[in-house]
Amino acid sequence: MRLARGIEAALPPVLALLATAVLFAAFLGLSGTDPRAAYGLIWLGAFGTAFSWQNTLLRAAPLLLTGLCTALPAQLGLVIIGGEGAFVLGALAAAAVGLKLAATGMAPVGIDGAMALAAMAAGGVVIALSGALRHWRGVNETISSLLLAYIAIAVMNQLVEGVLRDPASLNKPSTRALPDALMLGAIPTGSLPISVHVGLLFGLIACLLAYGLIFHTTFGFATRMVGGNLRAARMAGLPVGRLILIVTALGGAAAGLAGMVEVAAVQGAASADIAAGYGFTGILVAFLARQNPLAIIPVAVLLGGIDASGGLLEQRLDLPDATIQVLRGLLFLSLLTVEALQGRLRLAELLRWRRAPAVAQAVNATVSGP
Amino acid sequence: MPAFPSLTRRHLLGGAALAASQGAIGSARAAGKFTVGFIYVGTRNDYGYNQAHAEGAAAVRKMPGVVVVEQERVPETVAVGNAMQGMVQLDGASLLFPTSYGYYDPFVLKAAKADPAVTFLHCGGLWKAGQPLNAHSYFGYIDEAVYLSGVVAAHSSKTRKFGFVAAKPIPQVLRNINAFTLGAQSVQPSITTQVIFTGDWFLPVREAEATNSLADQGCDVITCHVDSPKVVIETAEKRGLFTTGYHTNQMVLAPKGYLTGAEWDWPSLYPRLVRSAMAKQPIPNMLRGGFHSGFVRSSPYNPIVPAAARKQADAIRARFLAGNVAIFKGPIQDNKGSTVIAAGTVLDEHDVTLEQMNYLVAGVAGSVS
């Protein structure tokens, strides 16, 4: 039964992937491109070489964390889509704290730790705010988190172009650059020619921790109970408000940490470039992973790979950049369509019927009755 | 349309199946060809910043022995680092044009350090002593061409009010707004420019609103400094206004009102740079130029541009080409009444103080903060 339920849970995404593959092939065929060549290139660009893997993993790293920003609150039944705001504020807080502490001569490891904490706090607060508005004021958390993301981006632009601006950054307003000692290094890979920053490890660990928390602790059980039936959770005496605050804050903290990594491993400073959409792609990742923190890992790698292969499609087949967006759009649409089948396609029950033919016959008899 | 004649499907599928086989990647490279990569931050057909670069790339594509690979809509994130590395490793590019200003620090610097054999030609004019020698950065003094647009438009304007839709109040943009206004005032001193900052490089809706608002305020000449002037130029044409273009030629969008425009002359510059790189001749790390060095040009005049305007603009252009005219010569006052360039001071195009411009000249309505 466990296996059947597992298959049933994995079936929609797999079906969606297959449907996407067929639809995208048709799309390519109609626009005069050989789908086999395109799929060959997607494979080559995403996973075909050591460099492709590096490209894919670098793109997947922030998505692991921004995916959690949607997936964790989803356990409470909340649809949070404001990960971009937590990401941006996390990046901003990390840059501000890092620059401030760098002047004190503190050890770089300590500063990086403080930057990560500041980023998680900033991201956590903004998403928890959506959770609080939902719980105490009845404000739709989807709308409020999205609007808060726009506010966060505006705040970041204001600060980066104002008080935090490096006067030397004339035509691209940015904060001052972090000292090299504060920049996060690459994961040691031995002789493999792959260089991926440690942000990927942060993401992997966060996904594993989130999975453990949600599915193997009483706290996680309580959280899922709130998501499953709010009234029942209240009747059972669960501290619903506190659960909402903590879990939304954890989701925001994950996206905030991704922002810190973007500053401390990639950009080296905060600027308008921080708001590059990782928070929004995280929504797609979470839905594709069916809000399961563990499934976020393969999904983020898959989406990172699709993005990574876009360049080759453009360069070798002269396809426009929008091709990869079509692929992503098809994937999301297929997923939502297949999701609608969920609950109607009861594989577990079908299997049970086969084992208990009498029941099945009884049902059949009822259905085909007079 | 295969970009790589030597690339067959068998190679591709083989490459896919063999995963990390270097041989499969090597076969994707065009044998004996010089591969040049172009990376754009927006779409190649944006009628603006990126299209100007893509037109330069198209000119390079026509050169014998050269293969061009392009990638568009690459954000200023780890994506551009990967795009550059991908072009080098998977396509065998030995010369790259990462064309967005924000690509330079840290991405181009990092890539240049990692790949000393590859030449990077970045658009932005940001190279400093001590940075990798295979990193180069170039930029054009396009304010010269914008000044000429102001001169031409001044002859057509009836209301003597110009409108300028600008992205951000940063030095490069302020310099263009000021040059446009000074050019117009050199013909008709009473001309004023109303500027609206939209806040970012690509905000089509806000750009349309700004253009309509400028039209409602009585401006009859509109220009802009945003990544894609398409919306501004089209909206102004619908409102029956004169326009001058930016980045590239937008005449096709506004055949009635498009007077002229300030364009990057990348189709002239890029083949020259690629030739130097192929011949292994040294390329300066910092390259700046205006009309004189073939970095910028003006769009061809609209037939409605009066002869007097053409004559005056052509005369000034000839002086720019000879390199003996400066736009910013004192006395110049800002729009708050303080003197920003003292009488007798002449700042020629190379002057670094112009790179820090933080004021709008008298006659411009708008604020830098």
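**Close-up views of a predicted two-chain model**

**Figure 1. Strands β6 and β7 of chain B.** Strand β7 (residues 192-197) of chain B runs parallel to β6(B), and 6 bridges join the two. Within this pairing, Thr193(B) in β7(B) is the bridge partner of Phe162(B). The model is predicted, and local features are described at pLDDT of at least 70.

**Figure 2. Strand β8 of chain B and its two neighbours.** β6 (residues 161-166) of chain B pairs with β8(B) through 5 bridges in the parallel sense. Cys224(B) in β8(B) has Val165(B) opposite. Strand β9 (residues 242-247) of chain B is also parallel to β8(B), with 2 bridges between them. Here Ile222(B) stands opposite Thr243(B) of β9(B).

**Figure 3. Burial of β8 of chain B.** Because 5 of the 5 residues of β8 (residues 221-225) of chain B are buried, the strand is largely enclosed by the rest of the structure.

**Figure 4. The open sheet of chain B.** The sheet has 7 strands in the order β12-β10-β9-β8-β6-β7-β17 (chain B), and the pairing is mixed. Its edge strands, β12 (296-298) and β17 (364-365) of chain B, each pair on one side only. Chain B as a whole has 11 helices and 17 strands. Of its 369 residues, 53% count as buried. Among contacts in chain B between residues at least 6 apart in sequence, those joining residues at least 24 apart make up 65%. The C-alpha trace of chain B spans about 70 × 45 × 35 Å along its principal axes.

**Figure 5. Helix α13 of chain A.** α13 (residues 322-341) of chain A contains 20 residues and reaches 29 Å from first to last C-alpha, close to the expected 28 Å. Its buried residues include Thr323(A), Ile324(A), Leu327(A), Leu331(A), Ser334(A), Leu335(A) and Val338(A). These lie on the same side of α13(A), because they cover an arc of only 120° around the axis. Leu336(A) and Ala340(A) are exposed, on the face of α13(A) turned away from the buried side.

**Figure 6. The side of chain A that touches chain B.** The contact takes 30 residues from chain A and 37 residues from chain B. On chain A, the elements giving two or more residues are α2 (35-48), α3 (50-74), α10 (240-267) and α12 (296-317). The most come from α2(A), with 7 residues. By type, this side of chain A divides into 12 nonpolar, 9 polar and 9 charged residues.

Figure 7. Most peptide bonds are trans, and most residues other than glycine have a negative phi. The bond from Asp105(B) to Pro106(B) is cis, with omega near 10°, and Pro106(B) is placed in helix α5 (residues 104-114) of chain B. Gly330(B) and Pro331(B) are also joined by a cis peptide bond, with omega about 0°; Pro331(B) lies in the loop between β13 (328-329) and β14 (332-333) of chain B. Asp318(A), not a glycine, has a positive phi of about 55° and is found in the loop between α12 and α13 of chain A. Asp318(A) counts as partly exposed, with 13 C-beta neighbours inside 10 Å. Arg73(B), also not a glycine, has a positive phi of about 50°; it is found in the loop between β2 (66-71) and α4 (78-89) of chain B. With 20 C-beta neighbours inside 10 Å, Arg73(B) counts as buried.

Note on methods
Residues are numbered from 1 along each chain as its sequence is written. Chains are lettered from A and ligands numbered from 1 in the order in which they are written. This is a predicted model: local features need pLDDT of at least 70, side-chain atom pairs count only at pLDDT 80 or more; totals for chains, interfaces and linings use all residues. Helices (H or I, at least four residues) and strands (E, at least two) are DSSP runs, numbered from the N terminus. The expected span of a helix is 1.5 Å times one less than its number of residues. A residue is buried if 20 or more other C-beta atoms lie within 10 Å of its own, exposed if 12 or fewer, and partly exposed in between; C-beta atoms are placed from the backbone. The arc is that of the directions from the helix axis to the C-beta atoms. Two residues are in contact if their C-beta atoms, placed from the backbone, lie within 7 Å. Ala, Val, Leu, Ile, Met, Phe, Trp, Tyr, Cys and Pro count as nonpolar, Asp, Glu, Lys and Arg as charged, and the others, Gly among them, as polar. Two strands pair if DSSP finds at least two bridges between them.
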